Amino acid sequence: MRNNNLQNRKVDNNKKLSRLIANKLEKSEHAKVLGNHEKALRIARSILIQDPSCIEATEEVIDNLLSLQDFAEAEKVANFVLLQNKESYIANYALGFIYLTDNLNDLALTYLQKANELSPNNPEILRCLGWATFHVTNKLKGLVTLERALNLRSDDPLILCDLGVCLLQEQIFNKAINLFEQALEIDSTNERAQDCLQAARSLEKKLSNKI
């Protein structure tokens, strides 16, 4: 009888802990959505103190480290997560994204393909996958993938610029210029869109003068 009581108490404690962790995860996600990544990171790490095996909290850590551009730490955590769970789309995406920033496109592509398998129709994963595919294996497939990302999130300056740059490399000037202009309509201070638009117009003019 005593053993049963102890077991029941343990189950109750686990339920309380689970509710507490779920509540903290929700708070971390809320802070992240508001752009307060430092706070979200603190909350996620506090969960791991209570439960080091909580993959969801570790994935929150990765997500916020990426937003804070702490890529070295994010890479370490992502590799740790994949040792525990190879099916973590966030860890696969994170490594793909990090390797893209280091211009390791071939290596990035492997992780991004896996992330896309695990989380199809995710516009951010498709953006990175499209860019990597365009530069590594198949330009047409890369463009189609970037178009899919844009269809899912048409107001994303990152997708607009990435697709625009790829089209510019293929000398499809009108569409590239239109995409950069759309990005600037969304964010007039976007320096990448400004630079790309200027470069596209200059290159188009230069090539037209040669004809």
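This is a predicted model: local features need pLDDT of at least 70, side-chain atom pairs count only at pLDDT 80 or more; totals for chains, interfaces and linings use all residues.
## Exercises around helix 9

**Exercise 1.** Work out whether the span of helix 9 agrees with its residue count.

*Solution.* Start with the residues: helix 9 runs over 157-169, 13 in total.

**Exercise 2.** Find what D156 does at the start of helix 9, then decide whether the helix is mostly covered or open.

*Solution.* Look at the D156 side chain first: one of its oxygens comes to within 2.8 Å of the backbone nitrogen of L158. Next, count residues under 20% relative accessible area. You get 11 of 13, so helix 9 is mostly covered, with buried meaning under that cut-off. Among the buried ones are P157, C161, D162, L163 and L168.

**Exercise 3.** Trace the largest nonpolar core and the neighbours of F180.

*Solution.* The core holds 54 residues, and L163 and F180 are among those touching the most other members. Helix 5 (residues 89-101) is the top contributor, giving nine. Now take F180: leaving out residues up to four places away in sequence, its contacts include C161, G164, V165 and L168, plus A193 and C196.

**Exercise 4.** Describe the largest pocket.

*Solution.* Its volume is about 660 Å³. Of its 23 lining residues, Y93, F97, E124, R127 and C128 lie nearest the centre. Helices 3, 5, 7 and 9 each give two or more residues to the lining.

Technical notes: Residues are numbered from 1 along each chain as its sequence is written. Side-chain values use heavy atoms; hydrogens and water are left out. A nonpolar core is a set of buried Ala, Val, Leu, Ile, Met, Phe, Trp, Tyr and Cys residues joined through side-chain atoms within 4.5 Å. Buried means under 20% relative accessible area, exposed over 50%, partly exposed in between (1.4 Å probe, protein chains only). Helices (H or I, at least four residues) and strands (E, at least two) are DSSP runs, numbered from the N terminus. Contact means heavy atoms within 4.5 Å. The expected span of a helix is 1.5 Å times one less than its number of residues. A polar contact is a pair of N or O atoms within 3.5 Å; within protein, one must be able to donate a hydrogen and the other to accept it, and residues adjacent in sequence count only if both atoms are side-chain atoms. On a 1 Å grid over the protein atoms alone, a cavity is a set of points where a 1.4 Å probe fits but cannot get out, and a pocket is an open set with protein on both sides within 12 Å along at least five of seven lines; lining residues have an atom within 4 Å of a point. Grid points are joined across faces, edges and corners, and a volume is the space filled by probe spheres set on the points.
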